[in-house]
Amino acid sequence: MSTCVADGTAHPTVMLWTDAFPWLTTSAPEGEWAAPIDDAGTEARRARLAELAALAMEHVPGTPVIELFPLLPPDVSVTALQLPTRAARALARFDYTTTSQLRPLTCGTMMGWKAIGVGTVGAILEALAEVNAQGARPELTGSLATFAGTDPETPEQIVADLYLSPSTTEESPDPGGAMGERLLVIRRWLEAIGRPDEPLLGGEALPGEPPEVLDAREYLRGLTAADLRDEAAPARTIATMLDELFVGVAPRTVDILRLRLFADEPVTLEELGQAHGVTRERVRQLDNKARATLSSAVTEGGPLAQAAAAVRRTIGALRPLEDVIAVMPALSGTVDAVGQPAWRLLDRLDDSYEIVDGWCAAPTIAEAENRTRQLLDAAAGPHGVVRIGDVAFGPEPAPERTTRSWLERCGYVVDGDHVITRISSVGDYAAAVLSIEGAPLGAQQIVDRFAHERSARSLANSLSSDDRFARVDRDRWALAEWGLEGYAGIKAAIGRELDQAGGAVPLDDLVEAITSRFSVSATSVLAYASNPPYELRGGIVRGATTARHPRKAPEHTARLYRHGDAWALRVRVTGEHLRGSGFIAPIAIAGILGMSHGDKVVLASDYDEQAVNWTGNQPIFGTIRRYLLAYDVSAGTEVLLIFGDEQLFTVEVVDSASGDPVRDALVLIGAGRRLRGDSARRAFARAVCLPEDSPLTTIIGAYRSRGDDDIAELLLTARTAIQDDEAQDAGPAPLP
């Protein structure tokens, strides 16, 4: 890097941190930053930039980016800043694409953004500081007079050449001549270096530009309309120009416009006529004439017509009102004559667009909704899915956030980067979700993507009967069109492996083949491989050669009791029972019903037939929901499922505990609750198929060994009472 002096000799120059970031002289410890800028890419430079960002956030949070980084080029793309993902997304969310758009921002503004922390703001500042440091240029020696002192034209003359002369305008554009002075500085500099045709304010600053020229350019770029206006003269905004239209208009006409044309809920002609003491027709005439006069003001030329045309161009086909106001803030100003914002008046006076519920659309909201529906119908794939990036409401693509908001406003479901157009059935919705995901999902994963509440169980039932879907795992579903291997359960998977292997497969190979494809456990595969229709011998799985019969006797099965000429199984009701689910039965039930593996038995009942199937490892009861509803049974209640010897089935509700151990034990086995003494002991023996004269200690042991600990404990508690009752029933002992 070198410095050019008046004699044209080049001398080396070192740029300091305070040269590139002047605010450090007042916001950092004295002398700490009066050091050369470290070389690019070094740890020292990165550390300095991080410290600089922290200082900016702590000491100058209200200073605009342009003042923090005065050498920041205006046209650097945000994507070129090498920002972390979170910081890049934050700027993209607000549609910031170049550094020129970031200039007015402050640290405080960025830290106020939703979901943005200090770390993200610091990353943005570090990236901007790096670019600013890269743009640091050596200063030229010499003073402002070197380029400005010999020009014969005065600053005012230069202004007159570029703008309307102050003598011919109502307002002086630069009363103090500050603008003209800076234009002169830039012009003399460009002439001095032989570039007189260079735009005064366009393009990049040239290498070696003196600070006076840089300051002049920055001043001129920062000029606002307010800087060129006489402070004594009020600004004429869209709202004030609209207000001027009502000057001299009869109060009655203004009131009619306020209550009819510009109102949220227009008053009827009849009501206005009564309020003003004129006929309905007269109100209509005044209304029509005033509308025509106002409409011409926004269509037939002049500043107001230009503003109205700008609004139309800004809206295009579709745009949120807040975005239009962000471009033209004066639209939110109130027109005092009618007490409404300026945008409302322009909307009602201009038939080329419509504003409803915060949305602007041309020509109407209804037409925009219809166009959206047609666009999505044309672009949707076979499952009603459209990429949001493919949705365009006009020749210019809208920001993604606008597209998302509009689609949701129209009632469509937005899922990530896609919009779903068909959700009339759970099948349609699930097909769309799978189409977007592009991979199998569980039923719960699918319903979690739904915009409304759905049961994973009911969805799975629906998908199982829909040809568009294929079950590819225990609870994973895919689109049938993907052609993935289907899953029909572990039993079917074993059968498929045996068929492919010629009828016999080593157990280890079978377990590996099935668990590698499906989310099932090795234990489950072993259980199915060891039971009909398969058998496991010597580590080899093959088809079973003998039928399977139940081997466990009912009298040795917990919670299963002899009940007169029937058997009673005690079951605690759960939410699954109440929902109508089937449930596992003890293997002894198959013996009671005379079933072999593969059988299905249908029992007669007062409430429709009751099915019992034995196709898996254990028998399965069909639903008993109808009984539970009939008896108004709630979850947690115990019931007895009674299987008569004549293939009959019924359900009895078990009474709640009373505190009497004998009674409570009798209730649990389904015996008469009033039995006492010897009668009670005999009932307990019969229930587990013991001889009726079995002693009480034997009976208690039998209940304990079969797993009925609750009854065994009750009998232990009631032991003395039962024996006393037996002694009383037997009468006095005989005389010797």
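**Reading the backbone, cores, pocket and salt bridges**

Reply: Gladly; let us begin with a loop. R559 sits in the loop between β15 (540–543) and β16 (560–563). Please keep in mind that this is a predicted model.

Me: What is the phi of R559?

Reply: The general idea comes first: most residues other than glycine have a negative phi, and most peptide bonds are trans. R559 has phi near 65°, a positive value in a residue that is not glycine.

Me: Where is D632 found, and what is its phi?

Reply: D632 belongs to the loop between α30 (625–630) and β22 (638–644). Its phi is positive, about 55°, although D632 is not a glycine. With 69% relative accessibility, D632 counts as exposed.

Me: Which peptide bond is cis?

Reply: The bond from A362 to P363 is cis, with omega near -5°. P363 lies in the loop between β7 (359–361) and α20 (365–379).

Me: Let us turn to packing. How should I read a nonpolar core?

Reply: In soluble globular proteins, nonpolar side chains tend to be buried together. Here the largest nonpolar core has 44 residues, and the residues with the most contacts inside this core are F21, W23, L24, L52, F69 and L125.

Me: Which elements give two or more residues to this core?

Reply: They are α1 (17–20), α3 (43–59), α4 (65–68), α5 (85–93), α7 (107–111) and α8 (118–134). The largest share, nine residues, comes from α8.

Me: What does F69 touch, leaving out residues up to four places away in sequence?

Reply: F69 touches F21, L52, L125, L128, A129 and N132. F21, L52 and L125 are also among the residues with the most contacts inside the core.

Me: How many residues are in the second core?

Reply: The second core is separate and has 33 residues, including L257, A310, L345 and I355.

Me: L257 belongs to α14. Which residues of that helix are buried?

Reply: In α14 (residues 251–261), the buried residues are T253, V254, D255, I256, L257 and L261. They pack against α15 (269–276), α16 (280–297) and α19 (342–349).

Me: Now a pocket. What is the volume of the second largest pocket, and which residues lie nearest its centre?

Reply: A pocket can be read through its volume, its lining and the kinds of residue there. The second largest pocket has a volume of about 300 Å³. Its lining has 17 residues, and T314, I315, L318, E396 and P397 lie nearest the centre.

Me: Which elements each supply at least two residues of that lining, and how do the lining residues divide?

Reply: α17 (303–315) and β3 (318–320) each supply at least two residues. By kind, the lining has nine nonpolar, four polar and four charged residues.

Me: How many salt bridges are there?

Reply: To count one, look for a side-chain nitrogen of Lys or Arg within 4 Å of a carboxyl oxygen of Asp or Glu. By this rule, there are 40 salt bridges. In one of them D350 pairs with R312, with the closest N and O atoms 2.4 Å apart.

Me: Why does this pair tie together parts that are apart in sequence?

Reply: D350 lies in the loop between α19 and β6 (354–356), whereas R312 is in helix α17, so the pair ties together parts 38 residues apart in sequence. D350 is buried at 7% relative accessibility, while R312 is partly exposed at 28%.

Me: Where do R449 and D415 lie?

Reply: The side chains of R449 and D415 meet in a salt bridge at 2.9 Å, N to O. R449 is in the loop between α23 (443–448) and α24 (456–464), and D415 is in strand β9 (residues 413–415), so this pair links distant parts of the chain, 34 residues apart. R449 is partly exposed at 26% relative accessibility, and D415 is buried at 10%.

Me: Which residues do salt bridges with shared partners join into one network?

Reply: R559, R570, R572, E638 and D710 are joined in this way. That brings us back to R559, the residue with a positive phi.

Definitions and conventions:
Residues are numbered from 1 along each chain as its sequence is written. This is a predicted model: local features need pLDDT of at least 70, side-chain atom pairs count only at pLDDT 80 or more; totals for chains, interfaces and linings use all residues. Side-chain values use heavy atoms; hydrogens and water are left out. A nonpolar core is a set of buried Ala, Val, Leu, Ile, Met, Phe, Trp, Tyr and Cys residues joined through side-chain atoms within 4.5 Å. Buried means under 20% relative accessible area, exposed over 50%, partly exposed in between (1.4 Å probe, protein chains only). Helices (H or I, at least four residues) and strands (E, at least two) are DSSP runs, numbered from the N terminus. Contact means heavy atoms within 4.5 Å. On a 1 Å grid over the protein atoms alone, a cavity is a set of points where a 1.4 Å probe fits but cannot get out, and a pocket is an open set with protein on both sides within 12 Å along at least five of seven lines; lining residues have an atom within 4 Å of a point. Grid points are joined across faces, edges and corners, and a volume is the space filled by probe spheres set on the points. Ala, Val, Leu, Ile, Met, Phe, Trp, Tyr, Cys and Pro count as nonpolar, Asp, Glu, Lys and Arg as charged, and the others, Gly among them, as polar.
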